[in-house]
Every structure is written in C-alpha cells, then in structure tokens.
Amino acid sequence: MKKYLLSIFALLLPLLNFTQEAEKGLDEKVNDAFMPIAEGWEGFILTSVSLGGYDIPIVVILLVLGATFFTIYFKVPSFTKFPLAINTVRGKYDDIEGHSAEEKVAVNIVDGDLPDTIRDESQEGEVSHFQALATAVSGTVGLGNIAGVAVAIALGGPGATFWMIVCGLIGMSTKFVECTLGVKYRDVGEDGTVYGGPMYYLSKGLKERGFSVIGKVLAVIFAILCVGASFGGGNAFQSNQAAVQLSSLMNLEGGSTGIIIGCILAVLVGIVIIGGIKRIAKITEKIVPFMAGIYVLAALIIIFANFSYIDDAFGLIFKGAFTPMAGLGGLVGVLIVGFQRAAFSNEAGAGSAAIAHSAVKTKYPASEGVVALLEPFIDTVVICTMTALVIIFFNIDGANLQSVFQYGAVEGSNVLITATGEQLGGVDLTSRAFDSVIPGFSYVLTIAIVLFAFSTMISWSYYGLQSWKYLFGKGKKADLAYKILFLVFVIIGAAATLDAVIKFSDAMILALVFPNMIGLFFLFPKVREEMAKYIAAIKGNTSE
C-alpha cells in the first residue's frame, strides 16, 4: 500500500517546483476551480422557502422540526433521560448486559483501516460506557468547536450562540433516536465485523414497514452523500483550518503554501488510512482528549479572567438572539446561522454518529442511544458556548461591546479587524481571542488544531469508507479508490479559501439530514419499543 502513497506524493511534487511567479497563483487556481463546485452544492442543498419575508433553507426547517418533534415525543430526553445517561455511562447497569469475554465483537480493522473510536465503542465487554463516550467526544470535539463557532459569531453575532445552544439541546433527542436505530439494525459479518449506520436502518427498517424500495433508495442516497461529507466537513474543512493556523503561526506566505501543507497532511493521513500503521492512530487517540482538556481549561481561564463581563456577554447573547444588530439579516437569519453551525459541530440529525455507535456490543440498543445524547450537550451546549464567550470577551472593551470587529460585517466568512484592517475568520479569529488573554497560547492551539484535524480526518475516512463499501462492495480496489480520493481532498481543502470550504462542507454535512430524517420519521416508534425494553430490564434487575 505504501507504494501507492509514494506514487501519489511523487505526482504532487512537480506542483511545488513552479517559478516564484507561478507559485503565487497555485492556491488561487485550486480555489477558483473548487469554488464553483462548493457554491453549486450549497445552492442545491440549501434551497430555501420564503416564510414571512425570510428565505429559510428547507434542510434547516427539517432539522428543527424533526428535533423538536423527537424532543416532545420522547418527553424532552435531554432532561428526563439525562440522569439515566449518566448512570449508564458510569456503568451502573452494566450487569444487565450479561456478556462474557468470549462474546466480544471483532472490530472492523481491515487493510490498515483505523477506526480506533469505533474499536473503543464496539466492545462492551472490554470498555465501559464512560470510555466509549470519552472516545466519541474526542472525535466530535474539534474544529467545529474552534473554527465553526468563530464563523457563527462573525456571521450572526453573539445571538447565534443562543440558537446553537437550543440546537444542541433538541439535537440530543435526534442523536438518541438515530444511534438507537444504528445499533438495532446493524449488520454483523461472519467474522464479527460490524457494519452499521443510516444505510442499514434505512434499508432494513423501512423494509419492515413495507417500504423496501424507498428504503433502498434512501440508503443509497445517504451513502453517496456521506462519502461527500467525508470529503467536505470531515476532511477539507479540517485540512483548511489546520493549514491556515500553521501558515499564520509560522508566517508562511506564497501562493503554494496551502498546497505544500496539504501535501504534508495528505502524506500523514495516508500513512494511517493506506499504510496501516496502527500505532500513529493509537497515539493520536490518547493525545486528542488531552488537548481537548487543555483547550477547555484555557477557555475557563479566560472566562474567569473576564468574570466581570459575563453578564454583558450573556446579555449580548440573549439580546442578539431575539433583537439582532443591524446588518445581521434579522432574527431568522441569526437562528439559521446558529443552527447550521451547531449541526456542523455535533452532527445531530446527520446520522454520522450512528455509524460509530452501531458497533457497540449490547443487548439493548437504547442503552447506547441514551449515552449518545450526551454528545451534543458536551460538544455544543458546553464547549461551543465556552468558545463563543472567549470571542465575545475579546470584542468587549469596557462600555464598547464591539471594540475589535463589527458583528455581521463579513467578507466571505471573515470579519474586518478595526484597528489593523486585516481580515480574520474561523480558527484565526479564535486563536487571536485566546492570545489576547493567554499570550503564546496560539502555539498550543496550533498543536491542538492539527491533532483535532488529524483525528477527525481519520474518523471521517472510516465513515466515508463504510458508505463507500455499502455502494461498491468490500473489495480492496474499491477501498483504495476511496482512500486516494480522500487524500486529494486533503490537499484541495488546504489550498482553498475558508469561504469555499465552508460552503462545500455545510452542503455535504447538511445534505445527510434529508434521507436520515425521513428514515427517522418512519422508524422512531421502534426507538420507543427499545427504550421500554431497556427500562424494563433496569427495573427488573433493580427489583431483584
């Protein structure tokens, strides 16, 4: 496999040997070629309907209505099931599973694939629910929390934070539903390899309901879109923000900077997903939660350092949520920005989490469903809010609540820094906010960002590969074709602008909502049945 990786890199090397004049346009040429694709997909996926004078993307309506319905139907599980989720995670009900060591499921680690997060979640006999949750959160917490929140604040102002929190709370219900179904309808091969996700509960679950053809069509559509999402939000966005932070920190300039960094990232990712060097992913798996902890600690330091401004910050969040500042597109505009960025961060409704959680070894699918509902809470309600507060504090100077940049005054996805005239967006804006209180933290943040990006790309390569296998079978040639395409998008993402990558990534992630939500609307009664079984088992065990 390594010879294929070296061949790809050898083909890319001539791109780096341009004259200085040619170099200046290399990243720009890549972006110019990529931007029409990104805008085309965004325009198609984010098709809007006009309501009350506002253009609201249909996918956002579907996401909000679906999450709200599940929240009401399951009696607000984000609150009522929260204690159960905590008890399940801490292992209080492990004894009702009754698995022996011999019953462990072999994990899908084939031909160098490294779904380490899947491995941790799939062997209930080997790891606890807490370990499974910690691993899943380490894969979820990443650039969506760092760069995505900055984009939300830049576009929608502080009020977007409120709607991100709301989306996180109701998104807990959606993730509970999809992850329960993922476990219920998974496939297990003769060798114990687990295959799961919306592709399987759409095809198998809808077949049970008498909609076999519709189920197969939706499963294929989801698999195609999931492959695209793995190239976009799970790949291009990650490499883009890692490249931006590295070039900014090292003061790298030149038209080929993104290409060069992208090639290096592609080689590193390729060593893992093509070369099969498992140790790299194992080390990353241990480092990423540690870096996430450092990020949260730094955010808390800044929050407490600005303790006197907390009431001002939350005042801006609540006021901006319902009475947006001029130029932000009105209330619905802020709501849309908040929901899009939250969905991108926690992926509730997209169905990608079900691919990971479906590999869990358990008698009760709902047990993993309640564990999964904690992810949007940790990811969006807690960590995204921390990032938002750091950026809002950065922009407060005494009575001046917009001292550094103007909310909503963006070009692409960047804000204009008033004092210097420079444009900052995404990870650069977050990095500047941290540096303003903790000088030099941008160096630590750079390491964290690269690790987050690397870990997320590996995880999403697994999600995309699972979908690719569903479409094209489980042959080695088909696997290799996907992996080569994946590495190409690492380079494209690093070379393109944030605006182009955001458009493409949003479109790909949000597109998953269409087939997934349709399936959830048909199959949610099954989740209620599974929840009843799990509760009955807990009560029966308690009575004994």
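Analyst: Helices (H or I, at least four residues) and strands (E, at least two) are DSSP runs, numbered from the N terminus. This is a predicted model, where local features need pLDDT of at least 70, side-chain atom pairs count only at pLDDT 80 or more, and totals for chains, interfaces and linings use all residues. Residues are numbered from 1 along each chain as its sequence is written, and side-chain values use heavy atoms, leaving out hydrogens and water.

User: Great. How many helices and strands are there in the chain?

Analyst: The chain has 24 helices and seven strands.

User: And what percentage of the residues is buried?

Analyst: Of the 544 residues in the chain, 59% are buried. Buried means under 20% relative accessible area, exposed means over 50%, and partly exposed is in between (1.4 Å probe, protein chains only).

User: What about the accessible surface of the chain?

Analyst: It comes to about 20500 Å², and carbon and sulfur atoms account for 64% of that. These areas come from the Shrake-Rupley method with a 1.4 Å probe; for residues, only the protein chains shown count as cover.

User: Let's do helices. At what angle do α10 and α15 pack?

Analyst: First, a bit of background: two packed helices are described by the angle between their axes and the distance between the axes. Helix α10 (residues 159-184) packs on helix α15 (residues 310-322) at about 85 degrees, and their axes are 6 Å apart. That makes α10 roughly perpendicular to α15. On the α10 side the contact uses Gly 159, Thr 161, Phe 162 and Trp 163, and on the α15 side Leu 316, Ile 317, Phe 318, Gly 320, Ala 321 and Phe 322. Those residues divide into seven nonpolar, three polar and no charged.

User: Got it. How far apart are the axes of α15 and α19?

Analyst: The axes of α15 and helix α19 (residues 374-394) are 10 Å apart, at an angle of about 105 degrees. That makes α15 roughly perpendicular to α19. Ile 310, Ala 313, Phe 314, Leu 316 and Ile 317 in α15 meet Leu 389, Ile 392 and Phe 393 in α19. This contact has eight nonpolar residues, with no polar and no charged ones.

User: While we're on α19, is Thr 385 buried or exposed?

Analyst: Thr 385, which is found in α19, is buried, with a relative accessible area of 9%. Leaving aside residues up to four places away in sequence, Thr 385 touches Ile 165 and Thr 380.

User: Now strands! In what order do the three strands of the open sheet come?

Analyst: The order is β5-β6-β7, with antiparallel pairing. The edge strands are β5 and β7, each pairing on one side only. Two strands pair if DSSP finds at least two bridges between them. Strand β5 (residues 405-411) and β6 share three bridges, while two bridges join β6 to strand β7 (residues 423-424).

User: What sits in the turn between β6 and β7?

Analyst: The two strands form a hairpin with five residues between them, and Gly 421 in the turn has a positive phi of about 85 degrees.

User: Last one: where is Val 76?

Analyst: Val 76 is in the loop between α4 and α5, with a positive phi near 50 degrees though it is not a glycine. Val 76 is partly exposed, at 31% relative accessible area. Lys 75 is in the loop between α4 (58-73) and α5 (77-80) too; its phi is near 60 degrees, and Lys 75 is exposed, at 60%.

Notes: Axes are lines fitted to C-alpha atoms, for helices over the stretch in contact, and angles run from 0 to 180 degrees between N-to-C directions. Angles under 35 degrees count as roughly parallel, over 145 as roughly antiparallel, 65 to 115 as roughly perpendicular and the rest as oblique. Contact means heavy atoms within 4.5 Å. Ala, Val, Leu, Ile, Met, Phe, Trp, Tyr, Cys and Pro count as nonpolar, Asp, Glu, Lys and Arg as charged, and the others, Gly among them, as polar.
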